[in-house]
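Subject: Handover of the structure

Hello,

Here is the structure I promised to pass on. Please open it first, then read my notes below.

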Amino acid sequence: MDSDFWHQKWERGDIGFHEQQVNPALVGNMESLNLIKGSRLFLPLCGKTQDIAWLLAQGYRVVGAELSKRAINELFQQLNVTPDITEAGELTRYSANNIDIWAGDIFNLGANSLGAVDAIYDRAALVALPEEMRQRYAIHLDAICHSVQQLLVTCEYNQQLHDGPPFSVSEQELQRLYGNQYQLNRLAQDDIAGGFKGKVAATISVWHLHR
Ligand SMILES: C[S@@+](CC[C@H](N)C(=O)[O-])C[C@H]1O[C@@H](n2cnc3c(N)ncnc32)[C@H](O)[C@@H]1O
């Protein structure tokens, strides 16, 4: 799953992953992170999620990483904000009050550029990646975020009945990816009404990963 796959999705408007509402897992579980206002949250593979506007409105700061400049431009249009845009090597930084979004491949984003973060919110990031990339993603996230706590949303279904993304990620896999750095606390697990894509039985889990 290379960058072209995602760029084409954005160009075609094939973005079924993009939700029109703030994700209920975020609203319902943000308190578990016990963060003070002004804390800085990292949203890897952020797209143009409405969750960013919600976090800003709650008084948090946000930093994101996203391949698609189209997505980032649409995000700032939604926010009704004009960002400062600066080139930084292979990445481009879009900044405004309380928000920085890095355009480019997350694997090119280093800890210094990212800056200090207090928590990670991963919705449709880990599960957007095929199995062979997930280990690399988890290692990279740890390297640039130093094992700060995470609010993580995963889905589980029979991967043989449907291709990802989103991919099915089991608790066993999470233990392999994150078990050394984190304790895994499942905050919620719900069936997807009618099944995944209306056909495959699936559950959504919300996890708090903490040390
Ligand atoms: C499934 S979408 C989820 C977007 C967002 N988290 C949401 O909840 O709407 C995955 C996003 O990751 C971006 N992406 C994929 N690979 C990436 C990479 N290596 N670096 C940065 N962004 C990436 C895609 O362009 C896409 O917008």
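The notes below start with the model itself and then go through its parts.

**The model**

Residues are numbered from 1 along each chain as its sequence is written. This is a predicted model, so local features need pLDDT of at least 70, side-chain atom pairs count only at pLDDT 80 or more, and totals for chains, interfaces and linings use all residues. The protein chain has a mean pLDDT of 97, where pLDDT is the predictor's confidence in each residue, from 0 to 100. In that chain, 100% of residues reach 70 or more. For the complex, the predictor gives an ipTM of 1.00 and a pTM of 0.98.

**Around the ligand**

The ligand is surrounded by 20 residues. A residue counts as near if its C-beta atom, placed from the backbone, lies within 6 Å of the molecule. The closest are Trp6, Leu45, Gly47, Ile106 and Ala124. The shell divides into 13 nonpolar, four polar and three charged residues. Here Ala, Val, Leu, Ile, Met, Phe, Trp, Tyr, Cys and Pro count as nonpolar, Asp, Glu, Lys and Arg as charged, and the others, Gly among them, as polar.

There is also a record to compare. An unreviewed UniProt entry carries the annotation "binding site" for Trp10, Leu45, Glu66 and Arg123. Its positions are given in the numbering used here, feature names are shortened, and annotations may be inferred rather than shown by experiment.

Take Leu45 from that annotation. Leu45 sits in the loop between β1 (40–44) and α3 (51–57). Helices (H or I, at least four residues) and strands (E, at least two) are DSSP runs, numbered from the N terminus. Leu45 is buried, because 22 other C-beta atoms lie within 10 Å. The cut-offs are 20 or more other C-beta atoms within 10 Å for buried, 12 or fewer for exposed, and partly exposed in between, with C-beta atoms placed from the backbone. Leu45 touches Ala65, Glu66, Ile106, Ala125 and Ala128, leaving out residues up to four places away in sequence. Contact means that two C-beta atoms, placed from the backbone, lie within 7 Å.

Arg123 belongs to strand β6 (residues 119–123). Is Arg123 buried or exposed? Arg123 is buried, since 24 other C-beta atoms are within 10 Å. Beyond four places in sequence, Arg123 touches Asn23, Ala25, Leu26, Asp51 and Val153.

Helix α1 (residues 3–12) is hardly covered. Of its ten residues, one is buried. Just after α1, Gly13 takes a positive phi of about 75°.

Ala71 is in helix α4 (residues 69–79). Ala71 is buried, with 23 other C-beta atoms within 10 Å. Ala71 and Trp6 are 65 residues apart in sequence, and their C-alpha atoms are 10 Å apart. Ala71 touches Trp10, Gly47, Lys48 and Glu66, again not counting residues up to four places away in sequence.

**The core**

The largest nonpolar core has 50 residues. Such a core is a set of buried Ala, Val, Leu, Ile, Met, Phe, Trp, Tyr and Cys residues joined through C-beta atoms within 7 Å. Strand β5 (residues 99–103) gives the largest share of this core, four residues. Leu41, Val62, Ile101, Val117 and Ile120 have the most contacts inside the core. Ile120 is in contact with Phe42, Pro44, Leu141, Cys145, Val148 and Gln150, leaving aside neighbours within four places in sequence. In soluble globular proteins, nonpolar side chains tend to be buried together.

**Backbone points to check**

Most residues other than glycine have a negative phi, and most peptide bonds are trans. Which peptide bond has an omega near -5°? The bond from Gly164 to Pro165 does, and it is cis. The bond from Pro165 to Pro166 is also cis, with omega near 0°. Pro165 is in the loop between β7 (150–157) and α7 (171–178).

Asn34 has a positive phi, near 55°. Asn34 lies in the loop between α2 (24–29) and β1. Asn34 counts as exposed, because it has 11 C-beta neighbours inside 10 Å.

Ser147 has a positive phi, near 55°. Ser147 is in the loop between α6 (131–145) and β7. With 16 other C-beta atoms within 10 Å, Ser147 is partly exposed.

Best wishes
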